[in-house]
Structures are given as structure tokens and as C-alpha cells.
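Q: I have a model open and want to go through it piece by piece. Can you take my questions as they come?

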Amino acid sequence: MNRQALELLEPRTERHHPLIHQPHRPTPAPPAAPATAERAPLRLLVVENEARAADTLVQGLLRQGYLAESVATGGEALQSHPRVDLILLDLDLPDLDGLEVCRGIRAVSDTPIIAVTARGSELDRVLGLQAGSDDYMVKPYGFRELLARIEAVMRRARPRQTAARAIDHGPLHIDATTRETTLHGRPVDLTLKEFDLLHALASQPGAVLSRRQLMTQVWEDAWSHRGRTIDTHVSSLRGKLGSSNWIITVRGVGFRLGHP
């Protein structure tokens, strides 16, 4: 991120810089999401290879009530994205092009992404949005605008991220709140990952989830190889549910929930 631009991210001090657009009338920063029982603080991932710029931005976000962390490479972003609510992605990274990182995350996750970059042409914006970013900001930018865009993106994203807490699929009942599963009214004793795997499939009945999607949702890791981890858990689930038809293998694609 532009070092000069980020020197203005200190929200308590109004300073002017020739490279930063300053509004004629200062406006108050939008309020950050409060940490309440109904709404936990948003977890933000800053993907930025310039350490000083990343630290400045992270500190500014922390002061606004967000839970923010940073990584310096595209590879780290691909590993870290499942545990956050929104990603601020610089497109100029030392190992991977930011557009490829954006496509990689979007292939397995709906986590909102705001591209933050010095690439400011119309073509760059189009490519960024086509790669899967939810918004696009060109450096230098104002910190207050960034906060407003984060809130706007999350307002759009929250409805699609709300998952059903209890799922009924025929005689199968899955309660994500109590993490209990019953079949024909009888409890089914599942391990942590078995439950998460079954819940992921049941959350999208009829849809085929790829192995990469399942690795991201259940094991929070889409990029390392875990051998037959998924197959082992699928086999165990079928045994505990009493039928192989509860989980259907779609050869070469992934798995979907069945209905014996």
C-alpha cells in the first residue's frame, strides 16, 4: 500500500498531504461494529507486503474496534483467508499476482474482498471486479472512505453468510447450536470434523461440494494435501448414519448429501 497515503490513517490527527484527497469539510469517521453478543467484531485480513504500511493500517483498524491482522504474501493470504470476515487485498504482491490470489479465494469462499491497489485504470478496475473482488479502491485513498466501504461490503455480505442453525433433511436433524445430530429421533455420535462435514453438506442440499470447498469449510485449509482425509470421514459418516446413500460421491467433482 502507498506509504505516503497510509501515513494519514491515524484517525485522531488531521494532516494534509499533496497526494491525498482532503475533503473541504472534515466528516466524522463511521462507527465501527460494536462488540456485542449479537454481533462480534469483524475479523479483517490485510494483505500487504510493505511492513510499515501494513502495521499502520492494522493499528488504525484495531482502534476502530476491528480484529485485524496482516500477511505479506499471496501464499499466506490463501492459507489465512478462511478464518476472517473480510480481506483487504493489495494486488502487487511479491510472490503471486493479486488477481490470481483473488480468484483463488473466490473459487472456494464467499469471504468479501476489497482490492486496495495503485492500479487505477478502468481496465484494472474491471479486471479486479471480474476476478471476484467485492469493491475496488485506488491508492492513495482516505481512511474514512475505507471504513465506509468495509461497512457497505459487509452489509451486502451478511445475508449470504447467515447459515441455518438447525437443518432437517428427512429423518436427519442437525443442530449447529448444540452440535447435536439425530436420525429418526435417535442421537448420532459424531466427532468434531464429522459433524462439520455433515453440516457443510446439509447446508447446501442438492449441491455438489468439491473437495477443495470441503477442505476450506471443514479443515480451513484449501491448499495443502491431506491424502484421504475427506474419504475417511465420509466413510465413517456413512457407517454411523447406517447407509452409504446419505453421502453421494460425484466422481471427479466432490460430494453431496443424499436421502435414502
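Q: Leaving aside neighbours within four places in sequence, what is proline 171 in contact with?
A: This is a predicted model. In it, proline 171 touches Thr182, Leu183, His184, Trp246 and His259, once neighbours within four places in sequence are set aside.

Q: Where is proline 171 placed?
A: Proline 171 sits in the loop between β6 (166-169) and β7 (172-175).

Q: Does proline 171 count as buried, partly exposed or exposed, and why?
A: Proline 171 counts as partly exposed, because its relative accessibility is 27% and that class lies between the 20% and 50% cut-offs.

Q: How far apart are the C-alpha atoms of proline 171 and glycine 185?
A: They are separated by 7.5 Å, with the two residues 14 apart along the chain.

Q: OK, the sheet there. In what order do the four strands come?
A: The order is β6-β7-β8-β9, in an open sheet with antiparallel pairing. β6 and β9 (186-187) are the edge strands; each has a single partner strand, so one side of each has no neighbour in the sheet.

Q: How many bridges are there between β7 and β8?
A: Four, in the antiparallel sense, with β8 covering residues 180-183. Among the residues involved, leucine 172 has leucine 183 in β8 as its bridge partner.

Q: Which helix packs on that sheet?
A: Helix α7 (residues 192-202), which touches β6, β7 and β8. The direction of α7 makes about 110 degrees with that of β7.

Q: Switching to the three strands that form an open sheet: what is their order?
A: β10-β12-β11, with antiparallel pairing. The edge strands are β10 (209-210) and β11 (247-250), each pairing on one side only.

Q: How many bridges join β10 to β12?
A: Two bridges join β10 to β12 (residues 254-257), and these strands run antiparallel. Leucine 209 is opposite phenylalanine 255 in β12.

Q: And which helix packs on this sheet?
A: Helix α9 (residues 229-241) does, touching β11 and β12. Its direction and that of β11 make an angle of about 145 degrees.

Q: What about β1 and β2, parallel or antiparallel?
A: β1 and strand β2 (residues 67-71) run parallel and are joined by five bridges. Arginine 43 stands opposite leucine 67 in β2.

Q: How many of the five residues of β1 are buried?
A: Four of the five are, so strand β1 (residues 43-47) is largely enclosed by the rest of the structure.

Q: Now α2. How many residues does it have, and how far does it reach?
A: Helix α2 (residues 51-63) has 13 residues and reaches 18 Å from its first C-alpha to its last, close to the 18 Å expected at 1.5 Å a residue.

Q: Which residues of α2 are buried?
A: Ala53, Ala54, Leu57, Val58, Gly60 and Leu61. They are on the same side of α2, because they cover an arc of only 160 degrees around the axis.

Q: What follows α2?
A: Glycine 65, with a positive phi near 95 degrees.

Q: Last, the whole chain. How many helices and strands are there?
A: Nine helices and twelve strands. Of the 260 residues in the protein chain, 44% are buried. The accessible surface comes to about 13,400 Å², and 50% of that belongs to carbon and sulfur atoms.

Q: And what share of contacts between residues at least 6 apart in sequence join residues at least 24 apart?
A: In the protein chain, that share is 58%.

Notes. Residues are numbered from 1 along each chain as its sequence is written. This is a predicted model: local features need pLDDT of at least 70, side-chain atom pairs count only at pLDDT 80 or more; totals for chains, interfaces and linings use all residues. Side-chain values use heavy atoms; hydrogens and water are left out. The expected span of a helix is 1.5 Å times one less than its number of residues. Buried means under 20% relative accessible area, exposed over 50%, partly exposed in between (1.4 Å probe, protein chains only). The arc is that of the directions from the helix axis to the C-beta atoms. Two strands pair if DSSP finds at least two bridges between them. Contact means heavy atoms within 4.5 Å. Axes are lines fitted to C-alpha atoms, for helices over the stretch in contact, and angles run from 0 to 180 degrees between N-to-C directions. Accessible areas come from the Shrake-Rupley method with a 1.4 Å probe; for residues, only the protein chains shown count as cover.
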